[in-house]
Amino acid sequence: MRFPGILLGLLIPVLVWSGIDPAERLTWWLESLPVLIAVPLLMATAARFPLTPLVYGLIWLHCIILLVGAHYTYADVPAGNWLRDAFDLSRNHYDRLGHFVQGAIPAIVARELLIRLTPIRPGKWLFAIVTLSMLGVSAAYELLEWLAAVGAGADADSFLGHQGDVWDAQKDMALALTGAMLAQLFLGRLHDRQIMTLAR
């Protein structure tokens, strides 16, 4: 349990920093909510249902990406602005990174839960179920953004992060789909080894 504790210790200062004077308080709450839900849940279940180091590490990375985006708003993360200006890009692409990761990292979490809690084994069916599930999660998130926009109006513009792109939702879902597939392809074997080690 040392590794999750170390990750938690590294995450707390980022959470505190992220919450101090963010660019937009409503956006901060909307973007930080997954972290504020996931971290206590992981802490509560770590002793009786520990996850693999890979999953803990990926969740930590996802939390960092979310908290940085929450602090600045995704459209104004300084690193994204620098890349936009340096390479004459049309927009700040930090939002695109967020949606790629939104597919990639939960895919490995879902993969672990399915392998450990259901009869499904690694193979084509697991790959398909995880991939389609992550596409569903991404679509649900886009619906959440839509509801936030309807409910909050212009106050939700930073949460939407579309930066004037009418196809933003579709591109976000495509990135999440790509992330889910690539994560399984490139991390699947390592993940399987860690699950086997955990089961011993």
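Where is Ile20 found? Ile20 sits in the loop between helix H1 (2–19) and helix H2 (25–45); helices are DSSP runs of H or I with at least four residues, numbered from the N terminus.

The model is predicted, so local features need pLDDT of at least 70 and side-chain atom pairs count only at pLDDT 80 or more, while totals for chains, interfaces and linings use all residues. Residues are numbered from 1 along each chain as its sequence is written, and side-chain values use heavy atoms, with hydrogens and water left out.

**Loops**

Ile20 counts as exposed because its relative accessibility is 53%; exposed means over 50% relative accessible area, buried under 20%, and partly exposed in between, with a 1.4 Å probe and protein chains only. From Ile20 to Leu7 the C-alpha distance is 21 Å, and the two are 13 residues apart in sequence.

Asp21 is also placed in the loop between H1 and H2. Its phi is near 50 degrees, a positive value in a residue other than glycine. Most residues other than glycine have a negative phi. Asp21 is exposed, at 65% relative accessible area. Asp88 lies in the loop between helix H4 (78–86) and helix H5 (94–117). Asp88 is not a glycine, yet has a positive phi of about 55 degrees, and with a relative accessible area of 71% Asp88 is exposed.

**Surface patch and pocket**

Trp29, Leu33, Leu36 and Ile37 make a nonpolar surface patch of about 380 Å². Patches are made of residues with over 30% relative accessible area and no salt bridge; nonpolar side chains (Val, Leu, Ile, Met, Phe, Trp, Tyr) are joined within 5 Å, and like charges within 9 Å. Accessible areas come from the Shrake-Rupley method with a 1.4 Å probe. Leu33, in helix H2, is partly exposed, with a relative accessible area of 43%.

The second largest pocket has a volume of about 260 Å³. A pocket is an open set of points on a 1 Å grid where a 1.4 Å probe fits, with protein on both sides within 12 Å along at least five of seven lines; lining residues have an atom within 4 Å of a point. Of the 14 residues that line this pocket, Pro4, Leu8, Leu42, Met43 and Tyr56 are the closest to its centre. H1, H2 and helix H3 (53–72) each supply at least two residues of the lining, and the largest share, 5 residues, comes from H1. The lining divides into 13 nonpolar residues, 1 polar and no charged.

**Salt bridges**

The whole structure holds 7 salt bridges, each a side-chain nitrogen of Lys or Arg within 4 Å of a carboxyl oxygen of Asp or Glu. The table gives some of them.

| Pair | N to O distance |
|---|---|
| Asp85 and Arg84 | 3.0 Å |
| Asp95 and Arg91 | 3.3 Å |
| Arg111 and Asp192 | 2.8 Å |

Arg111 lies in helix H5 and Asp192 in helix H8 (residues 168–199), so this pair ties together parts that are 81 residues apart in sequence. Arg111 is buried, with a relative accessible area of 6%. Asp95 and Arg91 are buried. A network of salt bridges links Arg91, Asp95, Arg96, Asp168 and Asp172.

Note on methods. Points joined across faces, edges and corners; volume = space filled by probe spheres on them. Nonpolar A, V, L, I, M, F, W, Y, C, P; charged D, E, K, R; others polar.
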